[in-house]
Amino acid sequence: MSSEESLIFAITDWLFVNSWWLLLPFVMLLVVAAFIVAFVLLLYMISPLISPKPLKLNGAHVVVTGGSSGIGKSIAVECYRQGAFITLVARDEAKLLQAKKEVEKFAINDKQVVLCISVDVASDYSQVESVIKQAQEKLGPVDMLVNCAGMSISGKFEEVPVDHFKKIMEVNYLGSVYPTRAVITTMKERRMGRIMFVSSQAGQLGLFGYTAYSPSKFALRGLAESLQMEIKPYNIYVTVAYPPDTDTPGLAEENKTKPLETKLISETSGVCQPEQVAKIVVRDAVQGNFNSSVGPDGYMLSALTCGMSPVTSITEGLQQIVTMGLFRTIALFYLGSFDSIVRRCMIQREQLRAADKTE
Ligand SMILES: NC(=O)C1=CN([C@@H]2O[C@H](COP(=O)(O)OP(=O)(O)OC[C@H]3O[C@@H](n4cnc5c(N)ncnc54)[C@H](OP(=O)(O)O)[C@@H]3O)[C@@H](O)[C@H]2O)C=CC1
Ligand SMILES: CCCCCCCCCCCCCCCC(=O)[C@@H](N)CO
């Protein structure tokens with residue numbers, strides 16, 4: 001060791017023993033740098049969480065497909081009572097006129113208009129495009145589109161008529177693609193808008209009896225996630241609503257042929273009123289929330305199945321992070337109880353069949 005080297009060691013030794021505080025500025029510099037790095041990372045994390053500006057419904061043009069009945073009609077009423085202009089879209093003209101009268105009762109000013117358009121949202125794109133154009137000419141560009149037209153068929157996989165699989169996909173999936181496709185260009189030009197897809201809790205988990213219905217509702221989620229990533233820079237926000245069983249003419253129709261298993265499993269989540277569902281989903285769409293769930297089971301299901309879906313607020317993101325493991329634990333109990341419902345129903349049927357034979 002040269003004499004200079006030993007001198008340096010001697011100095012650093014002395015520093016450590018007697019004046020370690022001389023290193024303090026370096027330590028502090030390191031801490032500050034670490035803080036800056038953490039801050040930048042945090043900014044990255046919360047940048048997708050910055051909430052959009054709420055849409056003003058007063059004076060806005062809202063198009064509701066499936067607006068002549070059930071959830072769609074209640075959504076139309078909810079928007080109308082906040083001052084919106086409404087276009088109701090469905091096939092049956094008599095039902096449309098009846099719904100128009102009901103919605104008009106909730107006017108808050110005398111300028112408001114309810115327009116009715118009869119079209120099949122699923123059969124032909126050019127028809128859907130032309131009726132949307134007509135509606136825009138009469139009531140101005142669409143500020144919010146609610147894709148609520150839909151149908152449900154339940155039954156065991158092998159008992160659902162094969163052509164129903166195609167029909168339900170056409171109405172529930174393509175019937176949401178077409179109206180969305182017809183409004184999106186104008187929304188992008190205006191750099192504003194809201195698009196709602198009405199999925200279902202059966203679009204978050206697969207259930208006995210819903211082999212035709214569930215996939216059509218899952219499909220909406222894939223469409224919504226992809227579309228949201230494309231149109232967020234244009235200030236357009238997508239909402240996917242996941243209602244539980246809701247007391248509507250559609251549900252009454254579905255219940256006529258619903259397997260016992262499906263009934264028992266769906267009862268877990270209870271039955272909602274359409275007005276209650278409408279309030280929640282309209283509020284979420286106005287706020288630009290990607291996810292809209294109804295009721296405590298709905299809340300748990302949404303946190304549990306959030307996957308890579310966009311987040312719209314810091315609290316939502318934090319809640320998902322904190323609750324996922326707990327909800328998965330609860331979900332295992334639910335799944336166990338669903339399996340036992342299915343098994344019990346099967347045993348019961350076999351016993352009935354055996355009893356029939358012996359008679
Ligand atoms: N009720 C429930 O338990 C739940 C329902 N949902 C979903 O909510 C939506 C509404 O359900 P709900 O209110 O019960 O249904 P309803 O049967 O009460 O109403 C359905 C509406 O959609 C319209 N519609 C159906 N098919 C078409 C079509 N091809 N073209 C245009 N309009 C159509 C109907 O009018 P018309 O027949 O005259 O065309 C009607 O206005 C559906 O997508 C459903 O899957 C989700 C979760 C739970
Ligand atoms: C933590 C985990 C919680 C799990 C909760 C599970 C609850 C399952 C209930 C599913 C109900 C499905 C209703 C479908 C309604 C529908 O879309 C049709 N009626 C349309 O007509």
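The legends below describe several close-up views of a predicted model.

In this predicted model, local features need pLDDT of at least 70 and side-chain atom pairs count only at pLDDT 80 or more, while totals for chains, interfaces and linings use all residues. Residues are numbered from 1 along each chain as its sequence is written, and chains are lettered from A and ligands numbered from 1 in the order in which they are written.

**View 1. The two domains of the protein.** The domain assignment, whose bounds come from an automatic or database source, gives domain 1 (3-49) and domain 2 (61-334). Taken over C-alpha atoms, the centres of domain 1 and domain 2 are separated by 55 Å.

**View 2. The surroundings of ligand 1.** Ligand 1 is surrounded by 30 residues, and the closest are Gly66, Gly70, Asp92, Gly150 and Gly250; a residue is counted here if its C-beta atom, placed from the backbone, lies within 6 Å of the molecule. At least two residues of this shell come from each of α3, α6 (162-190) and α8, where helices are DSSP runs (H or I, at least four residues) numbered from the N terminus. Sorted by class, the shell around ligand 1 holds 12 nonpolar, 13 polar and 5 charged residues; Ala, Val, Leu, Ile, Met, Phe, Trp, Tyr, Cys and Pro count as nonpolar, Asp, Glu, Lys and Arg as charged, and the others, Gly among them, as polar.

**View 3. The surroundings of ligand 2.** Around ligand 2 there are 21 residues, of which the closest are Ser152, Ser200, Ser269, Met300 and Ala331. The elements that give two or more residues to this shell are α8 (249-255), α11 (295-304) and α12 (314-358). The shell around ligand 2 comprises 11 nonpolar, 7 polar and 3 charged residues.

**View 4. Helix α3 against helix α4.** Helix α3 (residues 70-80) packs on helix α4 (residues 93-104) at an angle of about 35 degrees, with their axes 9 Å apart; axes are lines fitted to C-alpha atoms, for helices over the stretch in contact, and angles run from 0 to 180 degrees between N-to-C directions. Lys73, Ala76, Val77 and Tyr80 in α3 meet Ala99, Glu102 and Val103 in α4, two residues being in contact if their C-beta atoms, placed from the backbone, lie within 7 Å. The residues of this contact of α3 with α4 divide into 5 nonpolar, no polar and 2 charged.

**View 5. Helix α3 against helix α10.** With helix α10 (residues 274-287), α3 packs at an angle of about 55 degrees, and their axes are 8 Å apart. That makes α3 oblique to α10, since angles under 35 degrees count as roughly parallel, over 145 as roughly antiparallel, 65 to 115 as roughly perpendicular and the rest as oblique. The contact of α3 with α10 has 9 nonpolar, 2 polar and 3 charged residues.

**View 6. Helix α6 against helix α7.** The axes of α6 and helix α7 (residues 213-231) come within 8 Å and cross at roughly 15 degrees, which makes α6 roughly parallel to α7. Among the residues in contact are Ile168, Met169 and Asn172 in α6 and Tyr213, Ser216 and Lys217 in α7.
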